[in-house]
Amino acid sequence: MSEKMDTSCAYCMKGELVAKFAYPVCDMKTGYLYLFREQSKRGRVILAHHRHISELIELTDEERNDFFADIAAVSRAVHKVFHPNKVNYGAYGDTGCHLHFHLVPKYEGGDEWGGVFQMNPEKVYLKDEEYEEMAEALRAALKENV
């Protein structure tokens, strides 16, 4: 398995590039978990694969199964911490070709309940202390699921 990186990719470079839109939570078996900074869907997270690949088909069956096991673990943690009615899953990357999944909690009666979520609604941003509280709660829930 080659570990290629793209120096223009926020997920590969981490640091300031990814900090513009995401807050670090923790390293997982197959990827790195971030809170999406725009929190109009409280608890929205991103799991970015460790390797700079674009498509699921670039993973072996075992790698894909491990990645989806991490996604399931994150979803359980999101349900435990934020109590959504549903979690939506999205894999995008038309221009930023690094495999990652958005896990978007949806709440019955919320502004987009029953519809597709807006990718970047630019509505709700928190203080770093609030992101850290959320990240700590997710870390604790993930440890319980191991």
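**Sheet, helices and pocket of a predicted model**

Asn88 is found in strand β4. Helices (H or I, at least four residues) and strands (E, at least two) are DSSP runs, numbered from the N terminus. The model is predicted: local features need pLDDT of at least 70, side-chain atom pairs count only at pLDDT 80 or more, and totals for chains, interfaces and linings use all residues. Residues are numbered from 1 along each chain as its sequence is written, and side-chain values use heavy atoms, with hydrogens and water left out.

Contact means heavy atoms within 4.5 Å. Leaving aside residues up to four places away in sequence, Asn88 touches His102, Leu103, Val104, Lys106, Gly115 and Phe117. Asn88 and Val116 are 28 residues apart in sequence. In space, their C-alpha atoms are 8.7 Å apart.

Strand β4 belongs to an open sheet. Two strands pair if DSSP finds at least two bridges between them. The sheet has 5 strands in the order β1-β2-β3-β5-β4, with antiparallel pairing. Its edge strands are β1 (22–27) and β4 (86–90), and each pairs on one side only. Neighbouring strands are turned by 25 degrees against each other on average, direction ignored. Axes are lines fitted to C-alpha atoms, for helices over the stretch in contact, and angles run from 0 to 180 degrees between N-to-C directions.

Two pairs of strands show the detail. Strands β1 and β2 run antiparallel, joined by 5 bridges. They form a hairpin with 3 residues between them. Here Tyr23 stands opposite Leu35 in β2. Strands β4 and β5 also pair in the antiparallel sense, over 5 bridges. Tyr89 stands opposite Leu103 in β5.

Helices pack on this sheet. Helix α3 (residues 61–82) lies across β2 (31–36), β3 (45–49), β4 and β5. Helix α3 runs at about 25 degrees to β5. Helix α4 (residues 128–144) touches β1, β2 and β3. The direction of α4 makes about 25 degrees with that of β1.

Side chains of opposite charge can pair when their charged atoms come close. A salt bridge is a side-chain nitrogen of Lys or Arg within 4 Å of a carboxyl oxygen of Asp or Glu. The count comes to 10 salt bridges. One of them joins Asp61 and Arg64, at 3.1 Å from N to O. Both residues lie in helix α3, 3 residues apart, about one turn of the helix.

The largest pocket holds about 350 Å³ of space. A pocket is an open set of points on a 1 Å grid over the protein atoms alone, where a 1.4 Å probe fits, with protein on both sides within 12 Å along at least five of seven lines; lining residues have an atom within 4 Å of a point. Grid points are joined across faces, edges and corners, and the volume is the space filled by probe spheres set on the points. Of the 19 lining residues, Tyr11, Gly93, Thr95, Gly96 and His100 are the closest to the centre.
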